[in-house]
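Let's take a walk through a protein model together. Have the sequence and the 3D view open side by side, and follow along as we go.

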Amino acid sequence: MKAARLYGPGDIRLEEVADPRPQDGQVLVKVEACGVCPSDIRSYYGTAKQTWTPGHEASGVLAQIAGGHSGGPAVGDRVAIDWRHVCGECFYCLTGNPNFCERREDFQIAGFAEYTVVPQAVVHTLPPNVSFDDASFCEPLACVLNAYRVIHAPFGADVVVIGAGPVGLMHAQVALRHGARVIVVDKLEPRLAVASQLGAHDVINASDGDAVAQVLELTHGHGAGAVVVAANSATAVEQAIAMARKGGVVNLFAGIYPATELRLDPNLVHYSEISLTGSHDYAPAEFALALRLIEHGIIKVAPLVSNRYPLSDIAIAFETARDQQALKSIIHPHDTEVS
Ligand SMILES: [Zn+2]
Ligand SMILES: [Zn+2]
């Protein structure tokens, strides 16, 4: 089969590799769609320890089950793959934080390939109205849902989302569904236009003037009840803290690279009771919930797809995603043309 193989910074190649073979308890999935994630772009430009096949936002058709069918999806079913197979038994799994599982089954999903082998337990049957592209959003949407364990945005609260990439646009929708008044901040007008189409009440182009002042103006000088940073920027985090109202929550949703430090006035946390929170990964239940929200159109993901590429164009897909010229780029391993 064909698979993309990452050799080093900026060096990803389409190669012929041995067909993967499932062992007992595993299944073979014919990959039909795999989303390009910011973490893939980081791997692409970072230093890989060994040659490998990235891609973890994958969906496809169940092609083979090894060791007997255990009652989940059957051969021929369309499926989404939850790449985080948590153990359910470690300290974090047993204390309600399976997103930090210490014994996650270490399988490499390798979604940027024609086929992949994964544990039988991680495939979820797709409802008929959920496309493969839609299903590739289960993973990033699950991460967004996990953040709502720490973002307390009561009905009617002002919520700011900084960064209107695919993840920021899912955050905006989840906040809207919680009854929030949503303000989206980005520097790219086309992304802000999508935010407005999806229902954001206000959008701020951070390249025209001071975004903090604009949020304060829109909130009558109080600031927002919750501010989500879905952008790789320490400056955005500092701005987020300045945008929060007294008693507000700031969520650091995005990883920030290269590693850096924040300037933080500790008295803001003390006197204004601003909570700094982070969120990372998700629990299995959040993956299943993400699929339900997509199935019922509660969260819309189709407007977040901007580009689709065959596997042979993976380097172009990564470069386009890095330059933020796209929203979500999705690889279709069995297609031969760009759509
Ligand atoms: Zn991802
Ligand atoms: Zn665990």
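**A walk through the model**

R149 is partly exposed, with a relative accessible area of 39%; here buried means under 20% relative accessible area, exposed means over 50%, and partly exposed is in between, using a 1.4 Å probe and protein chains only. Before we go on, some ground rules: this is a predicted model, where local features need pLDDT of at least 70 and side-chain atom pairs count only at pLDDT 80 or more, while totals for chains, interfaces and linings use all residues. Residues are numbered from 1 along each chain as its sequence is written, chains are lettered from A and ligands numbered from 1 in the order in which they are written, and side-chain values use heavy atoms, with hydrogens and water left out.

Back to R149. Its side chain meets that of E286 in a salt bridge, at 4.0 Å from N to O; the term stands for a side-chain nitrogen of Lys or Arg within 4 Å of a carboxyl oxygen of Asp or Glu. Side chains of opposite charge can pair when their charged atoms come close. This pair links distant parts of the chain, 137 residues apart: R149 sits in the loop between α4 and β8 (158-162), and E286 in helix α10 (residues 284-295). Helices (H or I, at least four residues) and strands (E, at least two) are DSSP runs, numbered from the N terminus. E286 is buried, at 11% relative accessible area.

How many salt bridges does a search of the whole structure find? It finds 13. One of them joins D11 and R13, at 2.7 Å from N to O. D11 is partly exposed at 24%, and R13 is partly exposed too, at 37%.

Now for the metals. The zinc ion (ligand 1) has C37 (SG), H56 (NE2), E57 (OE) and E139 (OE) as its protein donors, 2.2 to 2.5 Å away. Donors are N, O and S atoms within 2.8 Å of the metal (3.2 Å for Na, K and Ca), and since water is not among the atoms, sites may look incomplete. E57 lies in strand β4 (residues 57-65) and E139 in helix α4 (residues 138-147), so the two tie together parts that are 82 residues apart in sequence. Both E57 and E139 are buried.

Is the arrangement around this zinc ion (ligand 1) tetrahedral or irregular? It is irregular, because the four donor atoms subtend angles of 86 to 165 degrees. Four donors count as tetrahedral if all angles lie between 85 and 135 degrees; four count as square planar and six as octahedral if opposite donors are over 155 degrees apart and all others between 65 and 115; anything else is irregular.

The zinc ion (ligand 2) is held by C87 (SG), C90 (SG), C93 (SG) and C101 (SG), at 2.3 to 2.4 Å. Its site is tetrahedral, with angles of 105 to 117 degrees among the four donor atoms. Along the chain, these donors follow the spacing C-x2-C-x2-C-x7-C. C93 and C101 are both buried.

Finally, zoom out. The chain is divided into domain 1 (2-142 + 282-332) and domain 2 (150-278), with bounds from an automatic or database domain assignment. Their centres, taken over C-alpha atoms, are 28 Å apart. The contact (heavy atoms within 4.5 Å) takes 15 residues from domain 1 and 14 residues from domain 2. Across this interface, the rule finds zero salt bridges.
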